[in-house]
Amino acid sequence: MPKRNVKRMCYAALLAAMYLPLSLYAAVQVGNVRISFGSLPVVAAALLFGPVDAVIVAMVGEFFKQLLTYGVTYTTVLYLIPPALRGLVVGLGALALLSLRGQRLEERRVLCYAVCIVAAVCTTLGNTLVNWLDSVLMGYYFPGLILGDFVWRLIVGMINAVVMSSLAIPLVKALRQRNAVSL
């Protein structure tokens, strides 16, 4: 296996491992909304490696978070989808810009923020859908519980996306300057 692939796998594994403490311990719960730094490794993986690695980082990290927080339930796998959506959207944005313009997404700050905000909206929509499905399957469905704070979660998600982008951009640039990794 080429040295570059081994390096990439190691960085992806480190980012997946960072997801757990950042999402569990570097977080604030405000009502039904959780504000955490868990998306930082996913955004960094998406900018560095593209959508496939970012989805893997998100799913592995979220799986362990679900396992440690709730154990294994019928809907555990469903909760892996929303963070994976974030990685997919940001990774596809990074890959598209690199393919079409030969530029890295983190070099185009405004576009990077926009892509991360779109990814946050997709993640919030995915979370809402998964919460609804979980509530129906587990028998606790109540419209106010699932949709009552949807707008608030969208706003918080977009603000969180701006903060995570602001942290991910210099992180990714520093890793690239060290010739550590690349898409």
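Guide: Happy to. Buried means under 20% relative accessible area, exposed means over 50%, and partly exposed is in between. One thing to keep in mind is that this is a predicted model.

Visitor: Good to know. So is Asp-53 buried or exposed?

Guide: Asp-53 is buried, because its relative accessible area is 13%, under the 20% cut-off.

Visitor: What does the side chain of Asp-53 meet in a salt bridge?

Guide: The side chain of Arg-8, with 3.1 Å from N to O. Arg-8 sits in helix H1 (residues 3-24) and Asp-53 in helix H3 (residues 51-70), so the pair links distant parts of the chain, 45 residues apart.

Visitor: And how accessible is Arg-8?

Guide: Arg-8 is partly exposed, at a relative accessible area of 26%.

Visitor: How many salt bridges does a search of the whole structure find?

Guide: Four. Among them is one between the side chains of Glu-62 and Lys-65, at 4.0 Å from N to O.

Visitor: Why are Glu-62 and Lys-65 separated by about one helical turn?

Guide: Because they are three residues apart in helix H3. Both Glu-62 and Lys-65 are buried.

Visitor: Which residue forms a salt bridge with Asp-149?

Guide: That is Arg-153, and the closest N and O atoms are 3.3 Å apart. Asp-149 and Arg-153 are both buried.

Visitor: Let's switch to helix packing. At what angle do H1 and H2 pack?

Guide: At about 160°, with the axes of H1 and helix H2 (residues 39-49) 9 Å apart. H1 and H2 are therefore roughly antiparallel to each other, since angles over 145 degrees count that way.

Visitor: Which residues make the contact?

Guide: H1 brings Arg-8, Tyr-11, Ala-12, Leu-15, Met-18, Tyr-19 and Leu-22, while H2 brings Pro-41, Val-42, Ala-44, Ala-45 and Phe-49. By type, the residues of this contact divide into eleven nonpolar, no polar and one charged. Arg-8 turns up again here, on the H1 side.

Visitor: Now the core, please. Which residues touch the most other members of the largest nonpolar core?

Guide: Leu-47, Val-57, Val-90 and Leu-105, out of 32 residues in that core. The elements giving two or more residues to the core are H1, H2, H3, H4, helix H5 (109-138) and helix H7 (150-177). H2 supplies the largest share, nine residues.

Visitor: What is Val-90 in contact with?

Guide: Leaving aside neighbours within four places in sequence, Val-90 is in contact with Val-43, Ala-46, Leu-47, Leu-105, Val-115, Cys-116 and Ala-119.

Visitor: One more topic, loops. Where is Thr-75 found?

Guide: Thr-75 is in the loop between H3 and helix H4 (81-101). Thr-75 is buried, with a relative accessible area of 1%. Not counting residues up to four places away in sequence, Thr-75 touches Asp-134, Leu-137 and Met-138.

Visitor: And where does Leu-78 lie?

Guide: Leu-78 also lies in the loop between H3 and H4. At 22% relative accessibility, Leu-78 counts as partly exposed.

Visitor: What does Leu-78 touch?

Guide: Setting aside residues up to four places away in sequence, Leu-78 touches Val-130 and Leu-133. As for Leu-129, Leu-78 is 51 residues from Leu-129 in sequence, and their C-alpha atoms are 9.5 Å apart in space.

Conventions: Residues numbered from 1 in each chain as written. Predicted model: local features only at pLDDT ≥ 70, side-chain atom pairs only at ≥ 80, totals over all residues. Heavy atoms only, no water. Helix = DSSP H or I, 4+ residues; strand = E, 2+ residues; numbered from the N terminus. Buried < 20%, exposed > 50% of the residue type's maximum accessible area, 1.4 Å probe, protein only. Contact = heavy atoms within 4.5 Å. Axes fitted to C-alpha atoms, helices over the stretch in contact; angles between N-to-C directions. Parallel < 35°, antiparallel > 145°, perpendicular 65-115°, else oblique. Nonpolar A, V, L, I, M, F, W, Y, C, P; charged D, E, K, R; others polar. Core = buried A, V, L, I, M, F, W, Y, C linked by side-chain atoms within 4.5 Å.
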